[in-house]
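Biologist: Could you walk me through how the helices pack in this one, and then a residue I keep coming back to? Please start with whatever term I need to read the picture.

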Amino acid sequence: MGNCLLCHKYPGLSRVDEAGRMKLMFVNEDIFNKSVHSKVKCEGCHTDITKIPHDPAKPVDCLTECHIVEPTSEQKFSHKEVEKFLNNSVHSKIDEKGRPKQFSEDMPSCKDCHDNPLFRPLAFVKKVRPGIAEDAMGRCRVCHKKEDFIFRFYNHITTRMHKSRSPLNIAQACGKCHDDPELVARHNLKTKAGYSYSETFHGKAANLLDESVPDCLDCHVVKGKSVHQMYGNDDPRSSTYPANRGNICNSVDCHPGASVKFANYKVHAEYSKEQSPVIYWFTTFFIILTGGTLLPLMGIMFLDLLRRLFPNATIMRRRK
(Lines give C-alpha, C1' and ligand atoms only; values in the text may rest on other atoms or scores of the structure.)
Protein backbone atom coordinates (compact mmCIF):
# COMPACT_ATOMS: atom_id res chain seq x y z
CA MET A 1 0.00 0.00 0.00
CA GLY A 2 3.06 2.20 -0.24
CA ASN A 3 2.03 4.25 -3.28
CA CYS A 4 -1.53 4.72 -2.02
CA LEU A 5 -0.25 6.27 1.20
CA LEU A 6 1.39 9.06 -0.75
CA CYS A 7 -2.08 10.64 -0.65
CA HIS A 8 -4.07 8.61 1.88
CA LYS A 9 -1.66 9.21 4.77
CA TYR A 10 -3.04 12.70 5.32
CA PRO A 11 -5.70 12.77 8.10
CA GLY A 12 -7.76 15.49 6.46
CA LEU A 13 -8.11 13.73 3.11
CA SER A 14 -11.84 13.55 2.37
CA ARG A 15 -14.46 14.47 -0.20
CA VAL A 16 -18.19 15.05 -0.49
CA ASP A 17 -19.90 12.51 -2.74
CA GLU A 18 -22.79 13.04 -5.13
CA ALA A 19 -25.31 12.44 -2.31
CA GLY A 20 -23.74 15.17 -0.18
CA ARG A 21 -22.14 12.77 2.30
CA MET A 22 -18.67 13.39 3.65
CA LYS A 23 -16.31 10.49 2.99
CA LEU A 24 -13.03 10.20 4.86
CA MET A 25 -10.19 8.81 2.72
CA PHE A 26 -7.50 8.79 5.41
CA VAL A 27 -5.82 5.45 6.16
CA ASN A 28 -3.98 5.07 9.45
CA GLU A 29 -1.08 2.82 8.49
CA ASP A 30 -0.24 1.77 12.06
CA ILE A 31 -3.80 0.65 12.78
CA PHE A 32 -4.20 -1.01 9.39
CA ASN A 33 -1.03 -3.02 9.93
CA LYS A 34 -2.54 -4.44 13.15
CA SER A 35 -5.76 -5.48 11.44
CA VAL A 36 -6.73 -8.89 10.08
CA HIS A 37 -6.45 -7.56 6.51
CA SER A 38 -2.98 -6.09 6.90
CA LYS A 39 -1.52 -8.55 4.36
CA VAL A 40 -4.03 -7.57 1.70
CA LYS A 41 -2.79 -4.88 -0.64
CA CYS A 42 -5.06 -1.96 -1.54
CA GLU A 43 -5.61 -3.27 -5.06
CA GLY A 44 -6.64 -6.63 -3.58
CA CYS A 45 -9.98 -5.06 -2.58
CA HIS A 46 -10.11 -1.97 -4.80
CA THR A 47 -9.69 -3.91 -8.02
CA ASP A 48 -11.05 -1.10 -10.21
CA ILE A 49 -8.15 1.21 -9.34
CA THR A 50 -5.44 0.72 -11.95
CA LYS A 51 -3.96 4.20 -12.25
CA ILE A 52 -2.98 7.18 -10.13
CA PRO A 53 -4.68 9.60 -9.86
CA HIS A 54 -7.73 7.36 -9.98
CA ASP A 55 -11.46 7.80 -10.49
CA PRO A 56 -13.85 7.39 -7.52
CA ALA A 57 -13.49 3.83 -6.28
CA LYS A 58 -16.38 1.40 -6.57
CA PRO A 59 -17.77 -0.25 -3.42
CA VAL A 60 -15.60 -3.14 -2.31
CA ASP A 61 -16.84 -6.62 -3.19
CA CYS A 62 -15.76 -8.88 -0.32
CA LEU A 63 -16.18 -11.96 -2.54
CA THR A 64 -13.33 -10.91 -4.78
CA GLU A 65 -10.35 -13.22 -4.98
CA CYS A 66 -7.40 -11.40 -3.48
CA HIS A 67 -3.72 -12.03 -4.07
CA ILE A 68 -3.27 -14.04 -0.86
CA VAL A 69 -2.84 -17.79 -1.34
CA GLU A 70 -4.79 -19.98 1.07
CA PRO A 71 -2.05 -22.27 2.49
CA THR A 72 -4.02 -25.53 2.70
CA SER A 73 -5.41 -25.44 -0.84
CA GLU A 74 -2.75 -23.21 -2.42
CA GLN A 75 -5.53 -21.33 -4.20
CA LYS A 76 -6.23 -17.61 -4.20
CA PHE A 77 -8.19 -16.60 -1.13
CA SER A 78 -11.74 -15.26 -1.19
CA HIS A 79 -14.83 -15.14 1.03
CA LYS A 80 -17.03 -16.90 -1.52
CA GLU A 81 -17.74 -19.76 0.86
CA VAL A 82 -19.38 -17.25 3.17
CA GLU A 83 -21.85 -16.37 0.42
CA LYS A 84 -23.03 -20.00 0.32
CA PHE A 85 -23.62 -19.97 4.07
CA LEU A 86 -25.48 -16.66 3.92
CA ASN A 87 -27.69 -17.71 1.00
CA ASN A 88 -28.79 -20.67 3.09
CA SER A 89 -29.43 -18.65 6.25
CA VAL A 90 -32.17 -16.48 7.69
CA HIS A 91 -30.22 -13.44 6.47
CA SER A 92 -30.29 -14.54 2.83
CA LYS A 93 -31.50 -12.06 0.20
CA ILE A 94 -33.06 -14.92 -1.82
CA ASP A 95 -35.60 -17.60 -0.95
CA GLU A 96 -35.34 -21.37 -1.40
CA LYS A 97 -36.18 -21.03 -5.11
CA GLY A 98 -33.52 -18.42 -5.73
CA ARG A 99 -35.96 -15.52 -6.03
CA PRO A 100 -35.34 -12.20 -4.22
CA LYS A 101 -37.09 -12.07 -0.87
CA GLN A 102 -39.50 -9.30 -0.02
CA PHE A 103 -37.54 -6.37 1.45
CA SER A 104 -34.30 -8.10 0.45
CA GLU A 105 -32.59 -4.72 0.67
CA ASP A 106 -32.95 -4.98 4.47
CA MET A 107 -30.78 -8.08 4.62
CA PRO A 108 -27.24 -7.41 5.82
CA SER A 109 -24.24 -7.30 3.54
CA CYS A 110 -20.68 -7.93 4.70
CA LYS A 111 -19.95 -4.38 5.77
CA ASP A 112 -23.19 -4.06 7.75
CA CYS A 113 -21.72 -6.45 10.33
CA HIS A 114 -17.99 -6.35 9.69
CA ASP A 115 -15.42 -3.59 9.76
CA ASN A 116 -11.68 -4.20 9.52
CA PRO A 117 -11.19 -5.71 12.98
CA LEU A 118 -7.93 -5.55 14.86
CA PHE A 119 -6.26 -8.63 16.23
CA ARG A 120 -7.33 -9.48 19.79
CA PRO A 121 -4.67 -11.84 21.20
CA LEU A 122 -5.63 -14.11 24.05
CA ALA A 123 -5.46 -12.55 27.48
CA PHE A 124 -4.85 -15.61 29.63
CA VAL A 125 -1.43 -16.36 28.17
CA LYS A 126 -0.30 -13.08 29.65
CA LYS A 127 -1.94 -12.60 33.02
CA VAL A 128 -0.77 -9.09 33.79
CA ARG A 129 -2.44 -7.50 30.78
CA PRO A 130 -3.95 -8.73 27.54
CA GLY A 131 -1.87 -8.58 24.42
CA ILE A 132 1.15 -10.20 22.89
CA ALA A 133 2.70 -12.86 25.11
CA GLU A 134 6.46 -12.52 24.67
CA ASP A 135 7.04 -15.94 26.25
CA ALA A 136 4.75 -17.65 23.77
CA MET A 137 6.34 -15.83 20.84
CA GLY A 138 9.75 -16.86 22.14
CA ARG A 139 8.77 -20.48 21.51
CA CYS A 140 7.85 -19.58 17.93
CA ARG A 141 11.30 -18.08 17.41
CA VAL A 142 12.95 -21.42 18.17
CA CYS A 143 11.94 -22.68 14.73
CA HIS A 144 10.70 -19.62 12.83
CA LYS A 145 13.14 -16.82 12.10
CA LYS A 146 11.08 -14.26 10.23
CA GLU A 147 9.71 -11.78 12.78
CA ASP A 148 6.84 -10.61 10.58
CA PHE A 149 5.68 -14.21 10.07
CA ILE A 150 5.81 -14.92 13.82
CA PHE A 151 3.90 -11.79 14.77
CA ARG A 152 1.19 -12.27 12.16
CA PHE A 153 0.56 -15.98 12.75
CA TYR A 154 0.60 -15.57 16.52
CA ASN A 155 -2.07 -12.89 16.21
CA HIS A 156 -4.08 -14.86 13.65
CA ILE A 157 -4.20 -18.03 15.75
CA THR A 158 -4.84 -16.41 19.12
CA THR A 159 -7.50 -14.07 17.73
CA ARG A 160 -9.42 -17.01 16.29
CA MET A 161 -9.40 -18.81 19.64
CA HIS A 162 -11.85 -16.41 21.24
CA LYS A 163 -14.47 -13.84 20.35
CA SER A 164 -13.33 -11.16 17.98
CA ARG A 165 -15.69 -8.68 19.61
CA SER A 166 -17.10 -8.09 23.07
CA PRO A 167 -20.74 -9.07 23.80
CA LEU A 168 -21.66 -5.38 23.89
CA ASN A 169 -20.13 -4.79 20.44
CA ILE A 170 -21.97 -7.77 18.98
CA ALA A 171 -25.31 -6.72 20.50
CA GLN A 172 -24.82 -3.22 19.11
CA ALA A 173 -23.99 -4.60 15.66
CA CYS A 174 -27.13 -6.77 15.60
CA GLY A 175 -29.17 -3.91 17.06
CA LYS A 176 -28.44 -1.70 14.06
CA CYS A 177 -31.10 -3.71 12.22
CA HIS A 178 -33.01 -5.51 14.95
CA ASP A 179 -33.74 -2.34 16.92
CA ASP A 180 -34.98 -0.43 13.89
CA PRO A 181 -38.76 -0.12 14.50
CA GLU A 182 -39.57 0.16 10.79
CA LEU A 183 -37.46 -2.85 9.87
CA VAL A 184 -38.91 -4.86 12.77
CA ALA A 185 -42.43 -4.02 11.57
CA ARG A 186 -41.67 -4.80 7.90
CA HIS A 187 -40.42 -8.29 8.74
CA ASN A 188 -43.08 -9.04 11.40
CA LEU A 189 -40.46 -9.56 14.08
CA LYS A 190 -41.85 -9.90 17.58
CA THR A 191 -39.33 -7.81 19.43
CA LYS A 192 -36.53 -5.27 19.24
CA ALA A 193 -33.89 -7.88 19.94
CA GLY A 194 -30.98 -5.63 20.89
CA TYR A 195 -33.10 -3.57 23.28
CA SER A 196 -34.72 -6.58 24.92
CA TYR A 197 -31.29 -8.23 25.33
CA SER A 198 -30.04 -5.09 27.10
CA GLU A 199 -32.88 -5.46 29.61
CA THR A 200 -31.77 -8.95 30.68
CA PHE A 201 -29.15 -9.89 33.28
CA HIS A 202 -26.81 -10.82 30.44
CA GLY A 203 -27.37 -7.55 28.62
CA LYS A 204 -26.83 -5.43 31.74
CA ALA A 205 -23.54 -7.24 32.40
CA ALA A 206 -22.53 -6.71 28.78
CA ASN A 207 -23.22 -3.00 29.19
CA LEU A 208 -20.69 -3.07 32.03
CA LEU A 209 -18.17 -4.56 29.55
CA ASP A 210 -18.32 -8.06 31.04
CA GLU A 211 -17.01 -10.37 28.30
CA SER A 212 -18.00 -13.61 30.02
CA VAL A 213 -21.73 -13.27 29.36
CA PRO A 214 -23.42 -14.75 26.30
CA ASP A 215 -24.24 -12.51 23.35
CA CYS A 216 -26.48 -12.88 20.30
CA LEU A 217 -24.15 -15.34 18.56
CA ASP A 218 -23.83 -17.65 21.57
CA CYS A 219 -27.54 -18.38 21.46
CA HIS A 220 -28.42 -18.05 17.77
CA VAL A 221 -25.54 -20.02 16.23
CA VAL A 222 -25.21 -23.78 16.59
CA LYS A 223 -22.02 -24.67 18.45
CA GLY A 224 -19.17 -25.32 16.06
CA LYS A 225 -20.87 -23.67 13.09
CA SER A 226 -20.03 -20.39 11.36
CA VAL A 227 -21.85 -17.29 12.55
CA HIS A 228 -23.06 -16.96 8.97
CA GLN A 229 -25.06 -20.18 9.36
CA MET A 230 -27.89 -18.60 11.33
CA TYR A 231 -31.42 -19.89 10.80
CA GLY A 232 -34.93 -18.80 11.74
CA ASN A 233 -36.60 -19.95 14.93
CA ASP A 234 -38.93 -22.23 12.91
CA ASP A 235 -36.04 -24.00 11.15
CA PRO A 236 -35.11 -27.37 12.75
CA ARG A 237 -31.44 -26.59 12.03
CA SER A 238 -31.62 -23.52 14.26
CA SER A 239 -30.27 -23.52 17.80
CA THR A 240 -33.38 -21.60 18.86
CA TYR A 241 -35.81 -24.12 17.34
CA PRO A 242 -38.10 -25.24 20.23
CA ALA A 243 -36.70 -28.78 20.28
CA ASN A 244 -33.10 -27.49 20.35
CA ARG A 245 -33.51 -24.51 22.63
CA GLY A 246 -32.77 -26.45 25.82
CA ASN A 247 -29.23 -27.14 24.65
CA ILE A 248 -28.35 -23.44 24.56
CA CYS A 249 -28.31 -22.76 28.28
CA ASN A 250 -27.08 -26.12 29.56
CA SER A 251 -23.83 -26.06 27.61
CA VAL A 252 -20.59 -26.54 29.54
CA ASP A 253 -19.74 -22.86 29.13
CA CYS A 254 -23.03 -21.52 30.50
CA HIS A 255 -25.30 -23.45 32.90
CA PRO A 256 -24.22 -27.12 32.83
CA GLY A 257 -26.94 -29.36 34.18
CA ALA A 258 -29.73 -26.87 33.56
CA SER A 259 -33.01 -28.45 32.55
CA VAL A 260 -34.59 -28.00 29.14
CA LYS A 261 -37.26 -25.77 30.67
CA PHE A 262 -34.55 -23.36 31.79
CA ALA A 263 -34.29 -21.98 28.24
CA ASN A 264 -38.01 -21.77 27.60
CA TYR A 265 -38.62 -18.40 29.21
CA LYS A 266 -39.13 -15.36 27.01
CA VAL A 267 -35.57 -14.15 26.61
CA HIS A 268 -36.55 -11.19 24.43
CA ALA A 269 -39.65 -10.13 26.33
CA GLU A 270 -40.10 -6.37 26.39
CA TYR A 271 -41.80 -4.28 29.06
CA SER A 272 -44.90 -4.06 26.92
CA LYS A 273 -48.53 -4.77 27.81
CA GLU A 274 -49.28 -5.85 24.25
CA GLN A 275 -46.24 -8.07 23.68
CA SER A 276 -45.79 -9.67 27.13
CA PRO A 277 -48.79 -8.89 29.37
CA VAL A 278 -47.79 -11.30 32.16
CA ILE A 279 -44.27 -9.91 32.40
CA TYR A 280 -45.61 -6.37 32.07
CA TRP A 281 -47.99 -6.67 35.04
CA PHE A 282 -45.49 -8.69 37.09
CA THR A 283 -42.82 -6.02 36.55
CA THR A 284 -45.31 -3.24 37.26
CA PHE A 285 -46.27 -4.94 40.54
CA PHE A 286 -42.64 -5.08 41.66
CA ILE A 287 -42.04 -1.45 40.69
CA ILE A 288 -45.04 -0.39 42.80
CA LEU A 289 -44.02 -2.73 45.64
CA THR A 290 -40.45 -1.43 45.64
CA GLY A 291 -41.49 2.20 45.42
CA GLY A 292 -44.24 1.75 48.02
CA THR A 293 -41.72 0.23 50.43
CA LEU A 294 -38.69 2.42 49.89
CA LEU A 295 -40.31 5.85 49.54
CA PRO A 296 -42.10 5.84 52.97
CA LEU A 297 -38.95 4.42 54.55
CA MET A 298 -36.82 7.17 53.04
CA GLY A 299 -39.35 9.75 54.22
CA ILE A 300 -39.15 8.47 57.78
CA MET A 301 -35.36 8.48 57.66
CA PHE A 302 -35.37 12.05 56.34
CA LEU A 303 -37.68 13.26 59.12
CA ASP A 304 -35.55 11.46 61.69
CA LEU A 305 -32.45 13.18 60.29
CA LEU A 306 -34.13 16.59 60.61
CA ARG A 307 -35.04 15.90 64.24
CA ARG A 308 -31.46 14.94 65.02
CA LEU A 309 -30.06 18.06 63.33
CA PHE A 310 -32.65 20.44 64.76
CA PRO A 311 -33.91 18.88 68.02
CA ASN A 312 -35.73 22.04 69.22
CA ALA A 313 -37.29 23.03 65.91
CA THR A 314 -41.07 23.16 65.66
CA ILE A 315 -43.35 23.95 62.76
CA MET A 316 -45.78 25.90 64.95
CA ARG A 317 -44.80 27.97 68.01
CA ARG A 318 -45.84 26.18 71.19
CA ARG A 319 -48.39 27.91 73.40
CA LYS A 320 -47.10 29.09 76.72
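Modeller: A crossing of two helices is called right-handed if the near helix is turned clockwise from the far one by less than a right angle, and left-handed if anticlockwise. Keep in mind that this is a predicted model. Here α6 passes α7 in a right-handed crossing, and the contact is made by Ala136, Met137, Cys140 and Arg141 of α6 together with Glu147, Ile150, Phe151 and Tyr154 of α7.

Biologist: OK, and at what angle do α6 and α7 pack?

Modeller: Helix α6, residues 134–143, and helix α7, residues 147–160, pack at about 130 degrees, and their axes are 10 Å apart.

Biologist: Switching topic, which residues make up the largest nonpolar core?

Modeller: That core has seven residues, namely Ile170, Ala171, Tyr197, Ala205, Ala206, Val213 and Cys216. Helices α8 (167–178) and α11 (201–207) each supply at least two residues of this core.

Biologist: What does Tyr197 touch, leaving out residues up to four places away in sequence?

Modeller: Among the residues that Tyr197 touches on that basis are Ala171, Ala206 and Val213, as well as His202 and His268.

Biologist: Now my residue, Thr240: buried or exposed?

Modeller: Thr240 counts as buried because its relative accessibility is 8%, and buried means under 20%. Thr240 lies in the loop between α12 (216–220) and α13 (246–249).

Biologist: And which side chain does Thr240 join in a polar contact?

Modeller: The side chain of Thr240 is joined to that of Ser238 by a polar contact of 2.9 Å. Beyond four places away in sequence, Thr240 touches Cys219, His220, Asn233, Arg245 and Ile248.

Key:
Residues numbered from 1 in each chain as written. Predicted model: local features only at pLDDT ≥ 70, side-chain atom pairs only at ≥ 80, totals over all residues. Heavy atoms only, no water. Helix = DSSP H or I, 4+ residues; strand = E, 2+ residues; numbered from the N terminus. Buried < 20%, exposed > 50% of the residue type's maximum accessible area, 1.4 Å probe, protein only. Polar contact = N/O pair within 3.5 Å; in protein donor to acceptor, adjacent residues only side chain to side chain. Contact = heavy atoms within 4.5 Å. Core = buried A, V, L, I, M, F, W, Y, C linked by side-chain atoms within 4.5 Å. Axes fitted to C-alpha atoms, helices over the stretch in contact; angles between N-to-C directions.
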